[in-house]
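Let's take a friendly walk through a protein chain, from its overall build down to a few single residues. Have the structure open beside you as you read.

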Amino acid sequence: MKIIDAHAHIAHWPTLAVTEAEILRSMKEKGIAFSLISDCDCSEYPSLDSYPPHHVSTLEGLKHCLTFAKKYPNRIGVLVWINPHHELLTPELIRCIHDNSRYIYGFKFHPWESQMRITNPRLVPYLRFITLEHKPLLVHTAKDKYSSIRYLGMVATRFPKIRFVAAHLQLCTDDKEEAIRTLKLHSNLYADTAWVKMSDAKRVMDEVGPDRIMFGTDNPVDGEHTLDNPIYEEYFANVLDLSGKEWRALMGGNAAKLYGIRFPDRTKKPQKKTLLLDKKK
Ligand SMILES: [Zn+2]
């Protein structure tokens with residue numbers, strides 16, 4: 001059983017090195033085998049203003065993530081945080097994505113931090129590109145004028161080949177009806193559990209489908225205790241007593257399938273060379 005955190009970040013909170021170390025430390029503590037990260041410093045309109053603004057371009061943010069993932073390719077994967085409000089999809093960015101495709105599992109768009117709905121025409125070149133890349137797009141959803149899951153539903157219809165992941169199952173509301181209704185309407189729409197109560201995740205599994213939601217946390221947005229939050233302790237402890245199959249799907253299986261995360265096979269027999277060396281002993 002491998003736990004995957006399908007929604008984590010690096011950023012200058014207060015430095016990249018601190019967030020990277022925190023991700024590795026908390027993964028070890030909680031038994032998380034793999035985390036998908038994106039760089040929050042790409043934010044075009046940062047809402048976390050407790051730190052000085054530290055904006056970087058999509059390409060710079062991607063390079064930060066790649067440096068981290070290349071050190072730990074079996075534990076860290078990259079989502080490319082896109083900045084459609086101010087940036088065009090450049091040949092240089094596309095080249096970087098293609099040159100590093102083995103470390104890149106998908107894309108991330110944050111409507112609030114870009115002050116732009118996903119239905120905005122500026123997203124179209126990105127969505128066409130993502131269609132061709134066959135990699136999922138994680139999209140922040142919340143009850144605000146840019147981030148409603150309804151807009152994501154509209155785009156899911158227009159781009160049926162993209163698998164969209166609605167982060168937070170619509171944040172800032174306990175009323176998950178709209179989110180669940182939208183998920184039911186679009187088979188290419190998934191969700192993650194960042195700041196989502198486990199009882200709501202279970203509702204998605206029961207009412208929409210067992211493979212439509214995956215564990216994700218926003219680690220370490222709330223600092224070193226992000227994963228100690230009671231909302232996540234429920235998942236680790238399986239307080240709802242999901243069957244083994246359901247819990248494994250929620251905690252890692254669904255993300256592995258959707259993002260194509262494969263773990264090295266450690267059950268392989270020793271290679272011939274090793275056997276020869278053994279004989280020499
Ligand atoms: Zn996030």
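## Overall build

What percentage of the 281 residues in the chain is made up of buried residues? Buried residues make up 44% of them, where buried stands for 20 or more other C-beta atoms within 10 Å of a residue's own, exposed for 12 or fewer, and partly exposed for anything in between, with C-beta atoms placed from the backbone. Before going further, please note that this is a predicted model, in which local features need pLDDT of at least 70 and side-chain atom pairs count only at pLDDT 80 or more, while totals for chains, interfaces and linings use all residues. Residues are numbered from 1 along each chain as its sequence is written.

The chain has 11 helices and 8 strands, which are DSSP runs numbered from the N terminus (helices H or I of at least four residues, strands E of at least two). Its radius of gyration is 19 Å, close to the 19 Å given by the globule rule for 281 residues, so the chain is as compact as a globular protein of that length. That radius is taken over C-alpha atoms, and the rule is 2.2 Å times the number of residues to the power 0.38. Along its principal axes, the C-alpha trace spans about 70 × 45 × 40 Å.

## The sheet

The 8 strands of the open sheet follow the order S1-S2-S3-S4-S5-S6-S7-S8, with parallel pairing. At the edges are S1 (3–10) and S8 (213–214), each pairing on one side only; two strands pair if DSSP finds at least two bridges between them. Although S1 is an edge strand, 8 of its 8 residues are buried.

S1 runs parallel to S2 (residues 32–39), and 6 bridges join them. Isoleucine 10 has aspartate 39 in S2 as its bridge partner. Further along, S3 (residues 76–81) and S4 (residues 104–109) make 4 bridges in the parallel sense, and tryptophan 81 is partnered with lysine 108 in S4.

## The nonpolar core

A nonpolar core is a set of buried Ala, Val, Leu, Ile, Met, Phe, Trp, Tyr and Cys residues joined through C-beta atoms within 7 Å. The largest one has 76 residues, and those with the most contacts inside it are Ile37, Val78, Val139, Phe164 and Ala166. Leaving aside neighbours within four places in sequence, valine 139 is in contact (C-beta atoms, placed from the backbone, within 7 Å) with residues including Phe109, Ile118, Phe164 and Ala166.

Tyrosine 103 sits in the loop between helix H3 (91–99) and S4. Why does tyrosine 103 count as partly exposed? Because it has 18 C-beta neighbours inside 10 Å. Its C-alpha is 6.0 Å from that of valine 78, 25 residues apart along the chain. Beyond four places in sequence, the contacts of tyrosine 103 include Leu66, Pro73 and Val78.

Aspartate 200 lies in helix H8 (residues 198–207) and counts as partly exposed because it has 17 C-beta neighbours inside 10 Å. Leaving aside neighbours within four places in sequence, it is in contact with Leu169 and Lys176.

## Helix H10

H10 (residues 244–259) has 16 residues and reaches 21 Å from its first C-alpha to its last, close to the expected 22 Å, which is 1.5 Å times one less than its number of residues. This helix bends by about 60° at leucine 250, as the angle between axes fitted to the seven residues ending there and the seven starting there. Leucine 250 is one of the buried residues of H10. Just after H10, glycine 260 takes a positive phi of about 65°.

Note on methods. Two residues are in contact if their C-beta atoms, placed from the backbone, lie within 7 Å.
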